[in-house]
Amino acid sequence: MKTKTVELVASPKAPHFVGDGFRVHNFIPSGFRLDMQRMNPFIMLDYNSSYHFPPSHKPKGVGVHPHRGFETVTIAYKGKVAHHDSSGGGGVIEEGDVQWMTAASGVLHKEYHEEEWSKTGGDFQMVQLWVNLPKKDKMSAPKYQAIKNEAINRFLLENNAGQIEVIAGEYKGIKGAASTFTPLHMLNAKLNKGGKATFHFPANYNTVLLIVEGSILINGNEKAPTDHLALMATDGENFEIEAIDDAIVLVLSGEPIDEPIAAHGPFVMNTKEELMEAFNDFNNGKFGYLED
Amino acid sequence: MNTFNLKMFLTSNLDIDEKDILSIVDNCTIKRVKKNEFLLQKNEHCKHTFFVEKGLLRQYSIDEKGKEHILSFAPENWFVTDRESAYFNRPSAYYIQALEESQVAMIDENFIQLLAKKIPSFTDFNNKLLHNHILHLQNRINLLLSAAAEDRYLQFVKMYPDILLRVPQTMIASYLGITPESLSRVRKELAHKNFKE
């Protein structure tokens with residue numbers, strides 16, 4: 001078993017607003033080492049680092065928009081988000097919760113700061129991730145997995161090092177709450193200062209660590225500070241992280257989907273023709289209707 | 001977002017020497033504009049044709065009541081200009097504004113005239129572009145006079161497949177000459193017809 005080394009520690013890029021409610025640093029897709037093909041199945045990662053939103057009577061957020069061909073995963077660290085979709089579904093994602101929406105053949109949805117939360121304002125910190133679907137599942141029926149924090153299984157680390165929340169996949173025998181279409185692991189490592197955790201993933205799995213809080217040392221030698229993203233190489237299976245101070249690390253590792261990617265805006269398909277079909281279907285109302 | 005460039009566009013549409021293409025491209029200024037920035041404002045003299053390499057522009061007018069009317073959108077690979085101002089050298093009645101951070105190639109009007117004299121195949125090409133433009137305008141007038149809101153909308157999305165995702169609904173309604181409420185109704189009815197659970 002070889003060590004999985006650090007390929008790159010990316011600093012957060014200048015933030016931009018998605019709608020008026022999400023102030024994000026985009027990590028994926030960007031550059032030549034964090035592009036969609038290299039990171040597949042994690043084809044988009046927007047990180048809203050902790051940001052204070054002042055009180056607002058009109059909830060801030062993103063209006064109606066479509067998705068097709070992948071899943072969106074929202075991980076709430078601070079703040080609350082309300083969402084609605086064209087199939088009549090909706091809900092509130094609270095601190096610690098995860099919302100896993102399989103857009104697949106297509107949904108329209110909108111996401112806003114939850115109304116009451118918006119009135120008081122506060123610190124807001126979220127990750128939005130797009131998880132690619134294999135060709136055979138891109139046009140399957142849309143579905144939701146609303147995962148409350150208490151439903152997420154945890155692995156308690158030895159020596160009071162902290163705990164690993166298993167959102168999807170597996171960690172040392174503890175199974176994840178979410179079901180996935182291709183093999184992948186999504187973990188929140190919550191480590192106490194000095195705490196260590198080891199990970200073991202197949203060498204070819206695309207793996208990144210997002211440092212949500214605190215800072216860590218990877219494999220005893222590579223430092224990754226807060227709000228940075230460490231890209232792990234595909235050269236080995238094992239790595240270790242150590243919390244320099246109390247830390248939260250989002251660990252993503254997934255089997256690459258070895259299929260072509262054709263992406264434009266909110267659609268991620270395999271061919272250009274499928275993309276054009278997605279635009280046509282959206283324009284012609286085949287995604288349904290949702291009031292803005 | 002896709003990026004195109006003028007050289008690519010000319011190479012694939014124009015049958016002339018590489019060096020002539022390069023001389024056209026070299027005579028163009030590439031300008032980067034921020035969202036909401038203007039390339040032309042009312043009463044100015046339009047001196048250029050703008051080719052959109054990246055981003056999205058709109059050409060519009062503002063009436064006496066302050067209401068905006070969108071004549072055209074210009075996404076990647078489109079040309080936009082005020083021909084009335086540029087060719088007839090009159091003060092413009094229009095605004096050309098970036099709706100996204102954009103990159104445009106600015107082709108000087110005098111240079112186009114010069115080129116048309118120098119390279120016969122460029123004249124043909126320019127003629128074709130102009131006739132395309134006339135075709136488009138003619139079609140648009142006819143639709144505005146005769147077609148139902150739904151047909152206008154369907155023609156619009158056929159020509160601009162991704163604009164719906166890039167601009168507010170109010171602008172699309174402005175282009176179609178209908179109220180935002182009517183646009184909402186059209187889209188709702190289409191969804192009702194075409195959405196299968």
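Reader: How many helices and strands are there in chain A?

Author: This is a predicted model, and in it chain A has 3 helices and 26 strands.

Reader: What radius of gyration does chain A have, and what would a compact globule have?

Author: The general idea is to compare the chain with a rule for globules. A compact globule of 292 residues would have a radius of gyration near 19 Å, and chain A has 18 Å, which agrees. The C-alpha trace of chain A spans about 55 × 45 × 35 Å along its principal axes. Of the 292 residues in chain A, 46% are buried.

Reader: How do I read contacts along the sequence of chain A?

Author: Take the contacts between residues at least 6 apart in sequence, and ask what share joins residues at least 24 apart. In chain A that share is 72%.

Reader: Which strands of chain A does β24(A) pair with?

Author: Strand pairing is read from bridges and from direction. Strand β17 (residues 184–191) of chain A pairs with β24(A) in the antiparallel sense, over 8 bridges. There, Leu187(A) has Val251(A) as its bridge partner. Strand β19 (residues 206–213) of chain A also pairs with β24(A) in the antiparallel sense, over 7 bridges. In that pairing, the partner of Asn206(A) is Gly254(A).

Reader: Is β24(A) mostly covered or mostly open?

Author: To judge burial, count neighbours: a residue is buried if 20 or more other C-beta atoms lie within 10 Å of its own. Strand β24 (residues 247–254) of chain A is mostly covered, with 8 of its 8 residues buried. Ala247(A), Val249(A), Val251(A) and Ser253(A) point one way from the strand, while Ile248(A), Leu250(A), Leu252(A) and Gly254(A) point the other way; all are buried.

Reader: What does β4(A) pair with?

Author: Strand β4 (residues 42–53) of chain A is joined to strand β3 (residues 22–28) of chain A by 3 bridges, and the two run antiparallel. One pair of partners there is Asn26(A) and Asp46(A). Another 9 bridges join β4(A) to strand β11 (residues 122–132) of chain A, again antiparallel. Here Asn48(A) is partnered by Met126(A).

Reader: Where is Asp227(A), and what is its phi?

Author: Asp227(A) is not a glycine, yet its phi is positive, about 65°. Its place is the loop between β21 and β22 of chain A. Asp227(A) counts as partly exposed because it has 18 C-beta neighbours inside 10 Å.

Reader: Does α5(B) lie buried or in the open?

Author: Of the 27 residues of α5(B), 1 is buried, so the helix lies largely in the open. Length can be checked too: at 1.5 Å a residue, helix α5 (residues 120–146) of chain B should span 39 Å, and its end C-alpha atoms are 39 Å apart, which agrees.

Reader: How many residues of chain B are in contact with chain A?

Author: Contact is counted on each side. 12 residues of chain B are in contact with 13 residues of chain A. On the chain B side, the largest share, 6 residues, comes from helix α8 (residues 180–194) of chain B. By class, that side has 7 nonpolar, 1 polar and 4 charged residues.

Note on methods. Residues are numbered from 1 along each chain as its sequence is written. Chains are lettered from A and ligands numbered from 1 in the order in which they are written. This is a predicted model: local features need pLDDT of at least 70, side-chain atom pairs count only at pLDDT 80 or more; totals for chains, interfaces and linings use all residues. Two residues are in contact if their C-beta atoms, placed from the backbone, lie within 7 Å. Helices (H or I, at least four residues) and strands (E, at least two) are DSSP runs, numbered from the N terminus. Ala, Val, Leu, Ile, Met, Phe, Trp, Tyr, Cys and Pro count as nonpolar, Asp, Glu, Lys and Arg as charged, and the others, Gly among them, as polar. Two strands pair if DSSP finds at least two bridges between them. A residue is buried if 20 or more other C-beta atoms lie within 10 Å of its own, exposed if 12 or fewer, and partly exposed in between; C-beta atoms are placed from the backbone. The expected span of a helix is 1.5 Å times one less than its number of residues. The radius of gyration is taken over C-alpha atoms; the globule rule is 2.2 Å times the number of residues to the power 0.38.
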